[in-house]
Amino acid sequence: MFKTDYCGDLRVSDEGREVTLAGWVNRRRDQGGLIFIDLRDSRGLVQVVIPSEEAQAHAVASEARGEYVVRITGKVQRRRAGTENDKLPTGEIEVRATAAEIMNSAKTPPFYINEDADVDEQLRLKYRYLDLRRERMTRNMVIRHQVVKYIRDFLTDRNFIEVETPVLANPSPEGARDYLVPSRNYPGNFYALPQSPQQFKQLLMVAGFERYFQIARCYRDEDLRADRQPEFTQLDLEMSFVEQDDILQLMEDLYTGIGAAVRPDLSIPAPFPRLTYAESMRRFGTDKPDLRFGMELFDLTNAVRGTEFIVFKSAVDSGGAIEGICVTGGAAFSRKEIDALTEQAKQLGAKGLVTIAYNAAPEAATEDDIKSPVLKHLGLDMIRSIGKLADAKAGDLVLIVAGVGGVPVKEPGSVTRVKPALDALRRGLAEKLELADPNTLLFAFLVDFPLFEWNADEERWDATHHVFTSPKPEDIDLLNGDDLGSVRSNHYDITCNGWEIGSGSIRIHTRELQQRIFDVLKFSDEDTKMMFNHMLEAFQYGAPPHGGIAPGIDRTVALYAQESDIREVIAFPKTKSAQDLMTGAPLPVEQRALDDVWIQLAPKKD
């Protein structure tokens with residue numbers, strides 16, 4: 001055996017025992033007669049002392065440098081009184097070396113391994129195998145393992161079985177672009193890497209596997225953000241003979257259980273609050289609200305009706321919206337800070353930002369107490385009314401965004417940009433003012449999403465989530481009318497601290513209703529047959545009522561690891577441009593490889 005023990009496992013109870021350790025030199029300190037090496041392996045770090053009288057070991061230690069791979073044999077002993085290190089689990093002991101061996105030398109790394117210093121992200125990704133040696137990244141990978149293990153044990157104990165579904169699958173109409181895989185044996189035909197195992201898990205319910213789960217790899221060719229990667233992992237889960245509450249309660253039990261097992265130091269309030277989609281959009285301007293702080297949106301549209309102030313008047317007259325947030329203590333913001341908020345609002349699609357600073361309680365404020373560029377346009381009475389509606393106090397700042405109606409969705413200043421702009425301002429200000437407790441994970445469920453959303457570019461209705469989501473039974477009759485935007489779905493999300501963690505729904509399980517949804521979405525008979533005939537046929541063979549959910553593993557782990565980017569909890573992630581800087585992927589392939597799969601590259605479009 002190369003080693004008898006792991007460095008990080010040694011304790012005072014091992015005093016007097018001879019051990020053989022192997023790992024990396026984390027730090028080396030030469031004090032002449034004594035050389036100290038902090039030896040690191042996958043389970044932690046221990047101090048090794050090499051005295052000059054141990055000639056062979058001392059000679060090896062003299063040659064060793066940072067990140068050399070070494071093996072050391074010695075005896076565990078207590079550290080001298082006053083030299084203990086209470087920051088290390090092994091800090092009460094050290095190993096006095098009697099023999100040492102360099103198993104491999106190492107070049108000087110491009111960044112420090114033994115310090116949690118800021119390192120350029122591209123450099124970290126290029127040398128990811130070195131980045132993963134750092135304590136923070138090792139910790140994140142351990143947390144990921146613990147989370148996934150807990151999930152498997154939790155679901156197995158509740159009679160779920162894990163089933164693997166195909167990676168080479170049929171193209172999906174789920175919204176994002178598929179990663180396509182050409183077929184060598186069927187020229188011109190393609191597999192698709194799965195965006196999710198959605199259809200397969202529903203077919204497993206038809207097959208009679210009443211409780212299924214899978215730690216599933218999924219692939220989406222979409223623009224990347226902090227919580228997106230082209231390949232990702234999700235907990236895919238489906239259950240038969242259940243209602244929405246059954247699935248939500250299961251998720252609440254799972255996520256509180258993970259917290260207790262993996263991060264008991266974090267606060268996870270339960271039961272998880274439940275909000276309708278409409279309520280969340282009204283109060284927070286988003287369907288993934290951060291509930292750890294207030295600063296909720298308020299609607300001013302009716303309150304300012306009749307004003308001649310052109311910004312508000314044009315919004316009201318066009319059927320638009322005027323909404324705002326109140327920032328506690330924000331009246332003390334400098335002009336520079338106000339200008340930065342205004343510029344941020346513009347970048348978020350708003351035409352501008354109206355600001356009102358109250359240096360006295362709104363109901364008693366005089367003109368001298370108000371600092372706002374719109375005071376002369378709105379008048380003191382309306383400024384006071386706005387403050388009262390915002391529940392502003394002395395020292396508060398009100399931020400208002402107005403959006404006109406009847407304009408294309410993508411045009412800045414449209415009503416569709418009001419809530420997203422205020423949501424982003426709200427989150428940014430909460431971070432600036434440190435309003436959100438970083439040690440609290442405040443999960444919530446969102447329910448009653450719209451079943452359909454209007455696609456303005458193509459002037460048609462799309463499924464808000466996917467075509468297998470069932471409508472609310474009481475809204476089924478609305479499928480016959482023109483107001484498809486009012487049809488609510490049996491869809492639900494689990495969110496936490498401003499992140500969407502996972503989505504799910506009660507599914508359609510009859511051929512008749514599924515075909516009706518395809519007809520509403522104006523799928524052609526040819527497309528329906530090509531993409532979904534196997535589903536429609538399966539529903540004729542006794543499909544049970546069923547539903548499920550698919551939380552993201554990467555996002556889940558990032559929450560418990562308290563990381564703001566999922567790349568910090570993925571061993572080998574891609575960049576935001578979907579590149580692997582370590583291996584160079586994606587790379588060109590030889591023409592003969594393309595010929596094998598019947599592909600000819602076209603000239604690049606301008």
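Two strands count as paired here if DSSP finds at least two bridges between them. Helices (H or I, at least four residues) and strands (E, at least two) are DSSP runs, numbered from the N terminus. The model is a predicted one, in which local features need pLDDT of at least 70 and side-chain atom pairs count only at pLDDT 80 or more, while totals for chains, interfaces and linings use all residues. Residue numbers start from 1 along each chain as its sequence is written, and side-chain values use heavy atoms, with hydrogens and water left out.

Threonine 355 has leucine 399 of E16 as its bridge partner. Both strands belong to an open sheet of 5 strands, ordered E12-E13-E16-E14-E15, with antiparallel pairing. Its edges are strand E12 (298-299) and strand E15 (370-371), each of which pairs on one side only.

Two helices go with this sheet. Helix H11 (residues 380-389) lies across E12, E14, E15 and E16, and runs at about 85 degrees to E14. Angles like this run from 0 to 180 degrees between N-to-C directions, with axes being lines fitted to C-alpha atoms, for helices over the stretch in contact; contact means heavy atoms within 4.5 Å. Helix H12 (residues 418-432) packs on the sheet too, touching strand E13 (321-327) and E16, and its direction makes about 5 degrees with that of E13.

Then there is the barrel. This one is closed, has 5 strands running E1-E2-E3-E5-E4, and shows mixed pairing. From one strand to the next, the twist averages 55 degrees. Strand E3 (residues 44-51) pairs with strand E5 (residues 93-104) in the parallel sense over 2 bridges, and valine 48 has valine 95 of E5 as its bridge partner. Helix H1 (residues 55-63) packs on this sheet, touching strand E1 (18-30), strand E2 (34-41), E3 and E5, with its direction at about 65 degrees to that of E5.

As for the whole protein chain, the tally is 16 helices and 22 strands. Its C-alpha atoms fill a box of roughly 90 × 75 × 55 Å, taken along the principal axes. Of its 606 residues, 48% count as buried, meaning under 20% relative accessible area (1.4 Å probe, protein chains only). Among contacts in the chain with a separation of 6 or more, 67% come from residues 24 or more positions apart.

Technical notes:
Buried < 20%, exposed > 50% of the residue type's maximum accessible area, 1.4 Å probe, protein only.
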